[in-house]
Amino acid sequence: MLKRFVYSLPSKKVFGPQSCKNLTKITCFQFYRTSHLLCNSQDSFSPQKKTFKLKGKSDTVGTKELNDIEITDFELKEAKKEVIEIIFRLFSARSRDTESARLYLKTWINEIYPRERKEKTEVEHFLDFLLFGYYGQSCKRIPSEMNESMESLVASIDTFDKLFLYEEGFDKNFNKEDEEKYENECFNYSTKLFEKNVFEEMIHKRNPLKTNLVKNIIEFIKNNVKELEEYLPNNNNNLNNVNDEMANQNRKKMLEIYDFSNINTSIDIAGLVYRILSCYYFDCYLFGSARTQDFQNLNDKFAYSSFLRAFTLSEADNRCLLIIAQMNEAIIGNNSTASNERNKAELAYQLLVDNNPNDPDVLNNAGGFYLNRKQNPEKAKQYLLRALEINPNHSVALANYAQIVGAEDLIGDKAIDLFERSISIVPNDYSTLSKYASYLLSRGLLGFENESLRTVKKARDLFKRSLQIFPFQSASILSNYAHAEYVSGNIIDSKRAFEEAIKVYESEKETSTDPLLQYADFLCGTYASDNASQLEKAKSFIEKALKIGFQVSQQELVAMDIMATIYAKLGDLKKAEKVYKDLLVKYPNDERDILRKYCNFTIEYLKDGKKLRKLAKKLASVIEKQYEKGEIDKELKDLFFNPSFYGAYLKKADELENITTSGNGEEIMKKARKPRTTTTTSTDSSSNNTEEEKKEPKKRGRPPKKVESVSKIV
């Protein structure tokens with residue numbers, strides 16, 4: 001049974017400082033004169049011509065005469081009826097005349113509403129719901145009117161919930177003594193109702209909550225039909241303008257689904273039900289849009305609840321569904337425990353794809369979710385390839401797919417081709433530029449190429465271009481740019497960019513740990529050789545990152561590699577070496593990367609040739625086994641046995657052991673194949689090298705220390 005009760009809106013004044021006692025009778029009289037003139041001047045509607053007479057009204061308006069005017073309940077009711085009919089007509093037209101509507105509604109709020117008695121019937125509260133809603137919808141989206149709009153929309157939504165949503169006894173366990181706590185409990189209760197309906201019912205093409213709301217509205221009309229007839233236009237003066245095709249279509253659907261024949265009334269019930277649902281939908285959608293600042297702030301719980309309500313009333317509204325998915329996605333952030341929100345976002349994207357199977361934008365959004373939040377590149381690839389099959393020139397899908405290709409084959413050319421194609425379609429898409437720059441930075445930091453420093457510098461230039469177009473990017477992008485400057489040798493620019501990245505990071509509620517790791521690496525690699533305070537600062541960033549947690553094991557490997565460097569520079573080599581030993585036990589599947597970092601640490605700090613040789617041979621054995629199992633391809637295997645890696649490790653071991661004769665390292669260096677040339681898209685003079693130059697590996701500029709340690713961050 002629907003809860004039926006007479007209630008009052010919150011006692012605090014909602015609309016400005018003006019109170020009922022401060023109102024003068026002249027303003028009400030001016031409303032009628034203005035109303036009559038406005039009505040007669042409008043061509044888009046023809047309101048009732050008959051206007052009522054105020055007691056004591058004369059043709060000549062004088063202050064003395066007006067002070068004697070008495071406003072009765074009957075006159076307030078007649079004024080409200082006139083406003084309702086005019087507003088219904090203005091909001092029913094094909095192009096709604098909200099500007100004129102706002103003039104009437106503002107007068108109603110300031111002059112009629114405060115004079116009405118506080119104890120109202122259900123019908124009177126229902127009419128307030130409509131008028132508050134229409135006023136909130138008619139206000140302009142400018143600062144001077146936004147507060148009134150938001151307050152009016154809240155009043156409308158709250159009134160609808162009390163009339164049609166809450167069941168008898170729903171609040172028996174709520175704290176009714178504290179008004180604020182009670183309102184919060186009601187809000188949380190209603191949000192859960194709509195959330196359950198969306199993610200448990202609508203995902204299966206059912207919508208029982210909307211069905212229940214419509215039944216409650218019909219029951220309300222049936223129980224209050226006589227009083228409603230006193231306020232609302234009759235069937236001959238339809239609630240919906242005949243030119244409003246969408247309204248008439250929805251009205252016809254109402255007549256097909258529900259039987260109104262048992263209600264004897266002149267009111268157009270189907271049109272009224274549609275109007276009520278439509279008003280509530282616009283209340284919720286506009287309120288949610290305003291709360292999110294046009295969808296920029298996706299962490300607002302009130303906006304989230306509003307979009308759940310709007311989508312429940314309009315199942316075909318893909319905008320609401322996309323926002324619901326994105327808001328759950330925003331809550332996830334870097335929080336690995338937010339599985340509930342992750343599942344809701346996934347359900348929303350699945351429903352979005354089901355409703356729009358051939359929409360490349362929808363497919364791209366779903367692919368981006370699986371790529372960035374679910375860490376499921378295979379599933380992401382399926383959606384992105386479908387999007388590109390429908391629209392081969394979808395620039396964002398091309399960039400997202402390039403990220404997947406780049407992760408699968410970091411040293412190949414296909415990802416670069418995809419990024420270049422995306423940029424050629426939309427040259428100034430800052431998001432694509434940042435993704436491309438991040439990929440090139442990661443590629444350059446691997447150090448497999450002779451031109452890796454050139455690649456990093458190209459990444460730096462792309463970051464600059466992207467940030468010039470849109471400076472307000474995530475902390476991760478800013479940090480990647482700072483690291484690119486660092487590797488390029490621009491320490492001052494790098495420090496400035498890192499400090500800005502950390503400021504943004506601290507202001508973001510949810511983000512990755514990459515900025516913390518990169519800044520810690522920067523501190524301990526540049527300024528902290530003999531500076532314990534800088535090392536402790538870097539250590540604090542790593543500890544903070546460890547506390548937050550990581551989405552993938554590679555991030556923890558990077559963090560602990562930096563921590564080992566900090567321990568070593570603080571003089572605790574045993575504690576530093578223990579980091580790698582512990583990682584080998586904790587992450588056996590990442591043995592290759594851990595051993596590579598362990599080798600570098602041994603060269604730089606332990607300076608133990610015997611241990612280095614043992615670790616290098618173990619690393620070679622791991623790579624051979626991975627190649628035999630098909631876990632890595634021949635190209636990656638050959639790159640490891642390039643003189644820059646395995647041969648260099650063995651040669652360094654010879655040097656550390658003070659071996660003067662030709663050892664294993666020298667033999668491998670002699671047998672090494674010609675190194676791989678760069679695959680960057682920038683043009684250079686390397687193609688004009690002589691044969692003699694091609695035989696000799698070209699030395700690349702040596703980046704600052706610890707560059708390799710963040711190769712998996714980006």
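How many aromatic pairs does the count come to? The count comes to 36 aromatic pairs, where rings of Phe, Tyr and Trp (its six-membered ring) pair if their centres lie within 6.5 Å. This is a predicted model, in which local features need pLDDT of at least 70, side-chain atom pairs count only at pLDDT 80 or more, and totals for chains, interfaces and linings use all residues. Residues are numbered from 1 along each chain as its sequence is written, and side-chain values use heavy atoms, with hydrogens and water left out.

**View A. The aromatic pair of tyrosine 113 and phenylalanine 132.** The pair is edge-to-face, at 5.1 Å centre to centre and 75° between the planes (planes under 30 degrees apart count as stacked, over 60 as edge-to-face and the rest as tilted). Tyrosine 113 lies in the loop between α4 (98-112) and α5 (122-138) and phenylalanine 132 in helix α5, so the pair ties together parts that are 19 residues apart in sequence. Helices (H or I, at least four residues) are DSSP runs, numbered from the N terminus. Tyrosine 113 and phenylalanine 132 are both buried (under 20% relative accessible area, with exposed over 50% and partly exposed in between; 1.4 Å probe, protein chains only).

**View B. An aromatic cluster.** Phe126, Phe129, Phe160, Phe164, Phe220 and Tyr280 form one cluster.

View C. Isoleucine 492 is exposed, with a relative accessible area of 63%. Its C-alpha atom is separated by 9.8 Å from that of alanine 482, 10 residues apart along the chain.

Key:
Helix = DSSP H or I, 4+ residues; strand = E, 2+ residues; numbered from the N terminus.
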